[in-house]
Amino acid sequence: MIAILQWTTLAVCGLIAVARIPSALRGKNRSLFYIFALMTLAILLSIEAPYVAIDQALGGSNIANLLLRFVIFAAIYFVGVRVTKGFGAEGAYRLITGRAGMAVLLLISLAMVAVFFMMDTAGSSAGLVGPARKDSRNGVLVEYYGAAGRAYPSYVSLVLLPAMVRAVGSRLPGLVRVAAGLLAVGGIAIALTLLFPVIPRDWAAVEFVVNYTAVLCFVIGLALIWAARVKNGRTAGGRETYTEK
Amino acid sequence: MTLPAKAFQRWLQGIAPDASTADVCRVSGIKRTTLAQQLVRGKISVSTVVSISRAYNINPVAALADFEPYRELAGPPRPPTRCELVSQISTPDLLRSLLARQAMDPARRSREKPAALSPAPHATSVKNWVDAIDDGEVRHRVSAATGVAPQNYSAQLTANRLSPELAVATALAAGVGPAGGLVATGLITEEEAGWPPDARQAALDSMSDGDLTALAGDRLQALGKVLRRQEHDQAQTEKIWENLG
């Protein structure tokens, strides 16, 4: 069940990234292509088989997991920048790109890297399940490391949330409002990941579902906005050719 | 919103005893599937009754008065008030006639009389009609009488719509002729409501330069607000396309 969810998400995200290649080549909103490509890479790195293969190539010390965290940070940063700019949420934009946002990013990154190198990380294992089982010290450190990795995405999605909720109730085109709703749901899901430490261990499936719900909501939400623009361009196509001259 | 099928069939028996449903549809130009669906659901739309009564040369107002919710429409038509008549003149017509007034054109440069008024309804006829008969409390009274929430009522007015029941209820609450709202919503013509042919032109001519100028100013202000809001929405949407499309 979880494997199906993982590979479907990977396929959806990868297809959208491929579909964005033509507009990226034309120079139209390249960062959207980067977002989808980064998300595809992140999903790939969170599935056991590809993760182990890539990590073995990188030396087998789970450095791929650190890479995965920074890929997620980069993707969520670009999402935050694009969405706040697009929806005209200036306060949220400053909270992400301004001094506060940079300080949050830097602190979390430093803490995450520091914890990573304090751990005994030998032995490729997605989600650092292997290293966590080595001893209790490593187990605790993996928890901290995971918490740091979830902190920045949660920060960005909480910053985005008010603007998304406002957009849902606005007079924007229907598809855009649905997209904003999906981004809001995704944001809530990411924020919920902060609660993972208090979730009982037997509920690991819940964590998977929350994670992949978040990713799917973001990917489909962003793709819907794109679809809405394509639809809008088609209906207004005749007029556009007149005004473009 | 609708009339019960039973009452409709009784009424139809009365006006066209031998006609089949197919005949009725052919004469009145209603699609057969539409009428069939309304009959199956047991909910006949008011506009169906209006179309059929026109086809059989019956005054639609008198026809509607046969149905329980529209009893108030029975009896000789009450003449419209001057405010109602003027509210049913479109803003462009109003402005044209203002420009031809002495106050606006002292040198009488434009000799020609403004063209005849375009027939009701116009782009903001519903909102203008309610504003024209509103003593400030009408919306509350309608809301109390019909149980329709004030925000739903306002939303209909903003969209230049008003259900036939609410149109009649509004006229009753304001103490004007019951059919006026049906003219403003375009369900029936001025003539069918018993408005004299040149009543609107006469009402317009009887307005002083000052009153007409002030009214035109109000209309322009409301129009400006709507246009500005549309432009704002459009700009917001463009910004989303630009950043996320």
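**Close-ups of a predicted two-chain model**

**View 1. Helix α7 meets helix α14 in chain B.** In this predicted model, helix α7 (residues 91-99) of chain B and helix α14 (residues 209-244) of chain B have axes that come within 10 Å and cross at roughly 140°. Angles over 145 would count as roughly antiparallel, so α7(B) and α14(B) end up oblique to each other. As for handedness, α7(B) goes past α14(B) in a left-handed crossing.

**View 2. Who does the touching between α7(B) and α14(B)?** On the α7(B) side, look for B:Thr91, B:Leu94, B:Leu95 and B:Leu98. From α14(B) come B:Leu212, B:Thr213, B:Leu215, B:Ala216, B:Arg219 and B:Leu223. Sort the residues of this contact by class and you get seven nonpolar, two polar and one charged.

**View 3. The largest nonpolar core, around A:Met39 and A:Leu183.** This core counts 71 residues, and A:Met39 and A:Leu183 are the ones with the most contacts inside it. Leaving aside residues up to four places away in sequence, A:Met39 touches A:Cys13, A:Ala75, A:Val215 and A:Val219.

View 4. As a bit of background, nonpolar side chains tend to be buried together in soluble globular proteins.

**View 5. Where chain B meets chain A.** Here nine residues of chain B are in contact with 16 residues of chain A. The chain B side that touches chain A is made up of three nonpolar, four polar and two charged residues.

Conventions
Residues numbered from 1 in each chain as written. Chains lettered and ligands numbered in written order. Predicted model: local features only at pLDDT ≥ 70, side-chain atom pairs only at ≥ 80, totals over all residues. Axes fitted to C-alpha atoms, helices over the stretch in contact; angles between N-to-C directions. Helix = DSSP H or I, 4+ residues; strand = E, 2+ residues; numbered from the N terminus. Parallel < 35°, antiparallel > 145°, perpendicular 65-115°, else oblique. Left-handed = near helix turned anticlockwise from the far one by under 90°. Contact = placed C-beta atoms within 7 Å. Nonpolar A, V, L, I, M, F, W, Y, C, P; charged D, E, K, R; others polar. Core = buried A, V, L, I, M, F, W, Y, C linked by C-beta atoms within 7 Å. Buried ≥ 20, exposed ≤ 12 C-beta atoms within 10 Å, placed from the backbone.
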